[in-house]
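Take a look at the sequence and the structure below. This report walks through strands, charged pairs and cores.

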Amino acid sequence: MVQRAILSQSIVDSAGAPQAGEKWIADTKVRGFGLRIWRRADGSAGKAYCVRASDGCGKLQRRTLDITSLWEWRYSISQNSELDDPSPTLGCFVQEAREWARDTVDEIK
């Protein structure tokens, strides 16, 4: 199932997982960028920022943002960060994820 929205912190944080399988919320600002939400076999849910784009040969590429490295980068400059919450949600990184997506789509193309 695909939905379309301008991804924001509230949309990312409130998005629920489907009963089975996965769903995609496509960002309307950056083509190919979106939020992938899935249900694991054990019943737990997962969320990740992803890019889906075709390369120059037409082959579909899917890449997932490593949020751990982004979190470490954001808190390594915490004195300059506007985020004071020590345990940020995935939605806190939507702007950085959008910038990563632009670069990644350009790299794939």
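Is Arg98 buried or exposed? Arg98 counts as buried, because its relative accessibility is 3%. Buried means under 20% relative accessible area, exposed means over 50%, and partly exposed is in between (1.4 Å probe, protein chains only).

## About the model

This is a predicted model, in which local features need pLDDT of at least 70, side-chain atom pairs count only at pLDDT 80 or more, and totals for chains, interfaces and linings use all residues. Residues are numbered from 1 along each chain as its sequence is written, and side-chain values use heavy atoms, with hydrogens and water left out.

Helices and strands are DSSP runs, numbered from the N terminus; a helix (H or I) has at least four residues and a strand (E) at least two.

## Strands and hairpins

Start with the pairing of strands. Two strands pair if DSSP finds at least two bridges between them. Strand β3 (residues 33–39) and strand β4 (residues 45–54) run antiparallel, joined by 7 bridges. Arg39 stands opposite Ala45 in β4. The hairpin of β3 and β4 has 5 residues between the strands, and Gly43 takes a positive phi near 95° there.

Strand β4 also pairs with strand β5 (residues 60–64), again in the antiparallel sense, over 5 bridges. Two facing pairs can be picked out here. Val51 stands opposite Arg63 in β5, and Arg52 stands opposite Arg62 in β5. The hairpin of β4 and β5 has 5 residues between the strands. In that hairpin, Gly58 has a positive phi near 90°. In a regular strand, side chains alternate between the two faces of the sheet.

## Salt bridges

How many salt bridges does a search of the whole structure find? The search finds 4. A salt bridge is a side-chain nitrogen of Lys or Arg within 4 Å of a carboxyl oxygen of Asp or Glu.

One of them joins Arg62 and Glu22, with the closest N and O atoms 3.7 Å apart. Arg62 is in strand β5 and Glu22 in strand β2, so this pair ties together parts 40 residues apart in sequence. Arg62 counts as partly exposed, at 45% relative accessibility. Glu22 is partly exposed too, with a relative accessible area of 33%.

Asp27 forms a salt bridge with Arg98, and their closest N and O atoms are 2.9 Å apart. That pair links distant parts of the chain: Asp27 sits in strand β2 and Arg98 in helix α3 (residues 94–108), 71 residues apart. Asp27 counts as buried, at 5% relative accessibility.

Glu107 bridges to Arg63, with the closest N and O atoms 2.9 Å apart. Glu107 lies in helix α3 and Arg63 in strand β5, so the pair ties together parts 44 residues apart in sequence. Glu107 counts as exposed, at 59% relative accessibility. Arg63 is partly exposed, with a relative accessible area of 29%. Elsewhere, salt bridges that share partners join Glu22, Arg36 and Arg62 into one network.

## A buried lysine

Lys23 is found in strand β2 (residues 22–27). Lys23 is buried yet has no salt bridge. The nearest side chain of opposite charge is Glu22, 12 Å away. For charge, Lys and Arg count as positive and Asp and Glu as negative, while His and the chain ends are not counted.

What lies 3.0 Å from a polar atom of the side chain of Lys23? The backbone oxygen of Gly16 does.

## The nonpolar cores

A nonpolar core is a set of buried Ala, Val, Leu, Ile, Met, Phe, Trp, Tyr and Cys residues joined through side-chain atoms within 4.5 Å. The largest core has 22 residues. Leu7, Val12, Ile25, Phe33, Leu35, Tyr49 and Val51 touch the most other members. The elements giving two or more residues to this core are β3, β4 and α3. The largest share, 5 residues, comes from α3. Apart from this core lies another, of 5 residues, among them Trp24, Ala26, Trp38 and Cys50.

Now zoom in on Val12. Contact means heavy atoms within 4.5 Å. Leaving aside neighbours within four places in sequence, Val12 is in contact with Leu7, Leu35, Lys47, Tyr49, Leu90, Gly91 and Val94.

## Around Gln9

Gln9 is found in helix α1 (residues 9–14). Gln9 counts as partly exposed, at 38% relative accessibility. Leaving aside neighbours within four places in sequence, the contacts of Gln9 are Thr89, Gly91, Cys92 and Val94. Gln9 and Cys92 are 83 residues apart in sequence, and 5.8 Å apart in space, C-alpha to C-alpha.

Definitions and conventions
A polar contact is a pair of N or O atoms within 3.5 Å; within protein, one must be able to donate a hydrogen and the other to accept it, and residues adjacent in sequence count only if both atoms are side-chain atoms.
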